[in-house]
Amino acid sequence: MATKCFAGQTALVTGATTGIGRATALALAARGVRVWINHRDQHDLAQRLVEQITANGGNAWAIEADVSDPAAVAAMFETIEEQGPLDLLVNNAGVILEKPFLETSEADWALVLGVDLAGVYRCCRHALVQMKPRRNGAIVNVASDLGFLGREQYVAYCTAKAGVIGLTRSLAREFAIDGIRINGVAPGPIATAMVSPEHMSDEWMAKELAIPMARLGTPEEVAAAIVFLLSPQASYFTGQMLGPNGGSWMGA
Ligand code: NAD
């Protein structure tokens, strides 16, 4: 059922070479979606993913663009449009920064907000320019449970993710009339490069695991929520934040 619904559509997944983005690209490709694999300077990883998808009978292309760079994003969407209509967008690219607020510099703030919030704004705008005249499209923005909860030492990240939630809900209201659905996921702690014992302090890991399910989620568990929201099965969903989060946040 899901396979038929999706077949032949084209998706762009940002930050698609690792973690949640990679799992999402693979899950979409397995359902017959043609996938643009966005990356920032990860040519080998992107090429390997394209080859993996192609070997499994799917279609994928790698496309480089730093989502915090307006010109690079404009060029990426131009290239995609030249190849055909874009039906689906997953704004997944993100960076995280652990720093006490009083040590968070203007440059730190600009970096995190530039990727995690402005990158989402920018890709949504370019995608919606293409989707609106065709009255077709679905977007999923990857926020975080921390966008609801907040977290000390992660003020820039939590602010950006809270912004993604507001952006998603506002766009959903504005573009519902155009037949375009815009939703988000707000994952809890997921086992990726971003949240691993090598990169995170013991204190962070202890906090991350102090949730009802007491384990990290997998990228595939988040990808399943993203695929659902993009699919025609979610035809009455817009402006929603699904929470694959092990129970870390139950409020929305
Ligand atoms: P990840 O580090 O594997 O993935 C992030 C991806 O974004 C990487 O491939 C990275 O290269 C890419 N990226 C970073 N900056 C970029 C830029 N400027 N332009 C293009 N690509 C860029 O980690 P992940 O956990 O898979 O993260 C994916 C998304 O999920 C992020 O938005 C993250 O904030 C969100 N998230 C993760 C967790 C978690 O616990 N892992 C929880 C909630 C939300």
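**Close-up views of a predicted model**

Arg-151 is buried, at a relative accessible area of 15% (buried is under 20%, exposed over 50%, partly exposed in between; 1.4 Å probe, protein chains only). The model is predicted: local features need pLDDT of at least 70, side-chain atom pairs count only at pLDDT 80 or more, and totals for chains, interfaces and linings use all residues. Residues are numbered from 1 along each chain as its sequence is written, and side-chain values use heavy atoms, with hydrogens and water left out.

**View 1. Arg-151 and Glu-208 form a salt bridge.** Their closest N and O atoms are 3.2 Å apart (a salt bridge is a side-chain nitrogen of Lys or Arg within 4 Å of a carboxyl oxygen of Asp or Glu). Arg-151 sits in the loop between α7 (146-149) and α8, and Glu-208 in helix α9 (residues 202-209), so the pair ties together parts 57 residues apart in sequence (helices, H or I, have at least four residues and strands, E, at least two; both are DSSP runs numbered from the N terminus). Glu-208 is buried at 6% relative accessibility.

**View 2. Lys-132 pairs with Asp-178.** The structure holds 7 salt bridges. In this one the closest N and O atoms are 3.7 Å apart. Lys-132 belongs to helix α6 (residues 118-134), while Asp-178 is in the loop between α8 (155-175) and β6 (180-185), 46 residues apart. Lys-132 is partly exposed at 41% relative accessibility; Asp-178 is buried at 9%.

**View 3. Glu-221 meets Arg-215 in a salt bridge.** The N to O distance is 2.8 Å. Glu-221 is partly exposed, with a relative accessible area of 36%. Arg-215 is partly exposed at 36%. Elsewhere, salt bridges that share partners join Lys-132, Arg-135 and Asp-178 into one network.

**View 4. The ligand is surrounded by 28 residues.** Thr-18, Asp-66, Asn-92, Tyr-157 and Thr-192 are the closest (a residue is near if one of its heavy atoms lies within 4 Å). A polar side-chain atom of Thr-192 is 2.6 Å from a ligand oxygen atom. For an N or O atom in the side chain of Thr-18, the distance to a ligand oxygen is 2.7 Å. For Lys-161 it is 2.9 Å. Taken alone, the ligand exposes 810 Å², and the protein buries 94% of that (Shrake-Rupley method, 1.4 Å probe).

**View 5. Cys-123 and Cys-124 are in no disulfide.** The count is 0 disulfides (a disulfide is a pair of cysteine sulfur atoms within 2.5 Å). The sulfur nearest to that of Cys-123 belongs to Cys-124, 7.4 Å away. Cys-123 is buried at 0% relative accessibility, and Cys-124 is buried at 1%.

Terms used:
A polar contact is a pair of N or O atoms within 3.5 Å; within protein, one must be able to donate a hydrogen and the other to accept it, and residues adjacent in sequence count only if both atoms are side-chain atoms.
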